[in-house]
Structures are given as structure tokens and as C-alpha cells.
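This briefing concerns the structure shown below.

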Amino acid sequence: MSKKILIVDDDQEIRSYLSELLGDNGYATVTANDGAEAVEIAKTEKPDLITLDLEMPNEWGPRFYRKISQDDALKRTPVVVISGLNAIQYAIPKAVASLTKPFEPAQLLKIVKDTIG
């Protein structure tokens, strides 16, 4: 069974790109376009890893992260921050990695593989 990754980003092109990149490398993906939607999807889908944009309408990344951190079933789910914001490594200190857009696909794939196999 392939590992499942939840992609949280308000940009449809980024969601599609990440779904294709990760799918082509053997991972199952589900997507959400903001933090509020992502919380519900995470509870239902129980992803093995989450890629998280920080700046989104409705509910932004750090607030989403706080919510899943308080959920016993989700709080150990590794998060990779992928954002265009500067100083992103400070936004979610417990993230396994923080990448700035645009990022190198190989770098993301290595992080995912090292984190969940």
C-alpha cells in the first residue's frame, strides 16, 4: 500500500504539480485548498505526511498546524512547509523541513522519502 500525502495549497497549479510529482514517485495524494478544508480531509484520510503552504485564504498554515497538533490521531504526522514567504522555517518550528517556492523537485522527493519511505 502506498503512503498517502495531503497537499495543502490554495494554488491549483501547485496542487496539481505536487500531486503529479508525488504520484509519479509512488505516493497516493489528496489535496485541500485551505487549512479549514485540510483539517477535515486529514481527519478522514489520515495522511502519512502533509505538505503545507503558509499563506492561504480562510485559514492559513500555522493555524491549521495548531489544530492538527491538538488532535491525537494527527499530531505525529510529519509536515513539510512549502511557501513563498521568507523566514518560513520560523512559522512552524516542528516541521520536518521548510522549502521556499520555487523549490527543487528532487529536494522535496528526498525529504519525503527520508521521512516516510
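**Salt bridges and their surroundings**

E45 and K4 form a salt bridge in which the closest N and O atoms are 2.7 Å apart. The pair connects distant parts of the chain, since E45 belongs to helix α2 (residues 35-45) and K4 to strand β1, 41 residues apart. The model is predicted, and the count of salt bridges in it comes to six.

**Charged pairs**

- Side chains of opposite charge can pair when their charged atoms come close.
- In the pair of E45 and K4, E45 is partly exposed at a relative accessible area of 29%, and K4 is likewise partly exposed at 22%.
- D9 and K101 meet through their side chains in a salt bridge, at 2.8 Å from N to O. D9 sits in the loop between β1 and α1 (12-24), while K101 sits in the loop between β5 (97-100) and α4 (105-116), so this pair ties together parts 92 residues apart in sequence.
- D9 is buried, with a relative accessible area of 2%, whereas K101 is partly exposed, with a value of 23%.
- Another salt bridge joins E59 to K67, with 3.0 Å between the closest N and O atoms. E59 counts as buried at 7% relative accessibility, whereas K67 is partly exposed at 39%.

**The site at D53**

- UniProt, in an unreviewed entry, lists D53 for "modified residue: 4-aspartylphosphate".
- D53 lies in the loop between β3 and α3. At 4% relative accessibility, D53 counts as buried because the cut-off for that class is under 20%.
- Apart from neighbours within four places in sequence, D53 is in contact with V8, D9, D10, G61, I82, S83 and K101.

**Strand β3 and its partners**

- Strand β3 (residues 49-52) is covered on both faces. L49 and T51 are buried on one side, and I50 and L52 are buried on the other.
- Strand β1 (residues 4-8) pairs with β3 in the parallel sense over four bridges. Within this pairing, I5 has L49 of β3 as its bridge partner.
- Strand β4 (residues 79-83) also pairs with β3 in the parallel sense, over three bridges. Here T51 stands opposite V80 of β4.
- A right-handed β-α-β unit is made by β3, helix α3 (residues 61-69) and β4.

**The buried side of α3**

- Which residues of α3 are buried? They are G61, P62, F64, Y65 and I68.
- These residues lie on the same side of α3, because the arc that they cover around the axis is only 155 degrees.
- An α-helix has 3.6 residues a turn, so residues three or four places apart point the same way.
- The elements that cover the buried residues of α3 include α2, β3 and β4. Of these, β3 and β4 also belong with α3 to the right-handed β-α-β unit.

Technical notes
Residues are numbered from 1 along each chain as its sequence is written. This is a predicted model: local features need pLDDT of at least 70, side-chain atom pairs count only at pLDDT 80 or more; totals for chains, interfaces and linings use all residues. Side-chain values use heavy atoms; hydrogens and water are left out. Buried means under 20% relative accessible area, exposed over 50%, partly exposed in between (1.4 Å probe, protein chains only). Helices (H or I, at least four residues) and strands (E, at least two) are DSSP runs, numbered from the N terminus. Two strands pair if DSSP finds at least two bridges between them. A crossover is right-handed if, with the strands pointing away from the viewer, the path from the first strand over the helix to the second runs clockwise. A salt bridge is a side-chain nitrogen of Lys or Arg within 4 Å of a carboxyl oxygen of Asp or Glu. UniProt positions are given in the numbering used here, feature names are shortened, and annotations may be inferred rather than shown by experiment. Contact means heavy atoms within 4.5 Å. The arc is that of the directions from the helix axis to the C-beta atoms.
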